[in-house]
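This report describes one protein model for a reader who has not seen it before. The sequence and the structure come first, and the description follows.

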Amino acid sequence: MCGLTLVINKNRNGFNAQQQDLFSTLMYLSGGFRGRDGAGVVVVDNIGNVKMAKDAATVDEFIRTTEYDELDKYAFQKGWAMIGHNRYATKGVISDKNSHPFVIDDKIVLVHNGTFNGDHKAIKDTDVDSEAIGHALAETDDVEQALRRVNAAYALIWYNVDKKEINVIRNMQRPLWYMETTNSYVFSSEKVY
């Protein structure tokens, strides 16, 4: 039961303090409830470049790292979107490598909440089922075709580097809440009132 967070800046001109506070609050909330085995963040800048960091640490520890501080500053200067993940390990050992996000073939940057039913290695021989889902998405431009190969509960957020698109999808087995503010689109595993 992992936690996902996504804040998209409508203006593409760098995050403001309110957007950054919202992102870190949602990361912190979902970290307390949805995963303490790893944390990671991706910043997509206003021209589509990606910077990220991940660690086999709790979100409380991760938010205090130099890497997170650098991403936060980068988002303030140039951020279009911030994608966050808190890991609750179900498949694969707890490690920096197995923390999300996963980068697949320099094309897909993916975070996942859910668990594969059966063997994910039929898609790709990876330690973590989430990484196998990323491979399914990287192998075709047809999202529906890729997801037909995925027998899993899922909420997915991924950035397609080639197309410079953020994608969000879930099935009925995992929550993902949506909220729109004046300057942001927000998605989160936790409902915020």
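## A salt bridge to start with

Lys 121 and Asp 125 join their side chains in a salt bridge, with 3.0 Å from N to O. A salt bridge here is a side-chain nitrogen of Lys or Arg within 4 Å of a carboxyl oxygen of Asp or Glu. Lys 121 counts as partly exposed at 37% relative accessibility, whereas Asp 125 is exposed, with a relative accessible area of 62%. For these words, buried means under 20% relative accessible area, exposed means over 50%, and partly exposed lies in between (1.4 Å probe, protein chains only).

The model is predicted: local features need pLDDT of at least 70, side-chain atom pairs count only at pLDDT 80 or more, and totals for chains, interfaces and linings use all residues. Residues are numbered from 1 along each chain as its sequence is written, and side-chain values use heavy atoms, with hydrogens and water left out.

## The chain as a whole

The protein chain holds five helices and ten strands. Its radius of gyration is 15 Å, close to the 16 Å that the globule rule gives for 193 residues, so the chain is as compact as a globular protein of that length. The radius is taken over C-alpha atoms, and the globule rule is 2.2 Å times the number of residues to the power 0.38. Helices (H or I, at least four residues) and strands (E, at least two) are DSSP runs, numbered from the N terminus.

Along the principal axes, the C-alpha atoms of the protein chain fill a box of roughly 45 × 30 × 30 Å. Of the 193 residues, 52% count as buried. The chain exposes about 8900 Å², and carbon and sulfur atoms supply 48% of that area; accessible areas come from the Shrake-Rupley method with a 1.4 Å probe, and for residues only the protein chains shown count as cover. Among contacts with a separation of 6 or more, 65% are between residues 24 or more positions apart. Contact means heavy atoms within 4.5 Å.

## The six-stranded sheet

Six strands form an open sheet with antiparallel pairing, in the order S3-S2-S4-S1-S10-S9. Strand S3 (50-55) and S9 are the edge strands, and each pairs on one side only. The twist averages 10° from one strand to the next. Two strands pair if DSSP finds at least two bridges between them. Axes are lines fitted to C-alpha atoms, for helices over the stretch in contact, and angles run from 0 to 180 degrees between N-to-C directions.

Strand S2 (residues 38-45) and strand S4 (residues 79-87) run antiparallel and are joined by eight bridges; Val 44 has Ala 81 in S4 as its bridge partner. Strand S9 (residues 177-180) is joined to strand S10 (residues 184-188) by four bridges, again antiparallel. In S10, Ser 188 is the bridge partner of Trp 177, and a hairpin of three residues leads from S9 to S10.

## The four-stranded sheet

A further open sheet has four strands in the order S5-S6-S7-S8, with antiparallel pairing. Its edge strands are strand S5 (102-104) and strand S8 (165-170), each of which pairs on one side only. Neighbouring strands of this sheet are turned by 20° against each other on average, direction ignored.

Six bridges connect strand S6 (residues 108-113) with strand S7 (residues 155-160), which run antiparallel, and Val 109 has Tyr 159 in S7 as its bridge partner. Helix H4 (residues 129-138) packs on the sheet and touches S5, S6 and S7, its direction making about 135° with that of S6.

## Other salt bridges

The whole structure has eight salt bridges. In one of them, Glu 180 meets Lys 10, with the closest N and O atoms 2.6 Å apart. Glu 180 lies in strand S9 and Lys 10 in the loop between strand S1 (3-9) and helix H1 (17-34), so the pair ties together parts that are 170 residues apart in sequence. Glu 180 is partly exposed at 46% relative accessibility, and Lys 10 is partly exposed at 30%.

Asp 60 forms a salt bridge with Arg 36, the closest N and O atoms being 3.6 Å apart. This pair links distant parts of the chain, with Asp 60 in helix H2 (residues 59-62) and Arg 36 in the loop between H1 and S2, 24 residues apart. Asp 60 is partly exposed, with a relative accessible area of 22%, and Arg 36 is partly exposed at 42% relative accessibility. Salt bridges also link Lys 107, Asp 141 and Lys 163 in a network.
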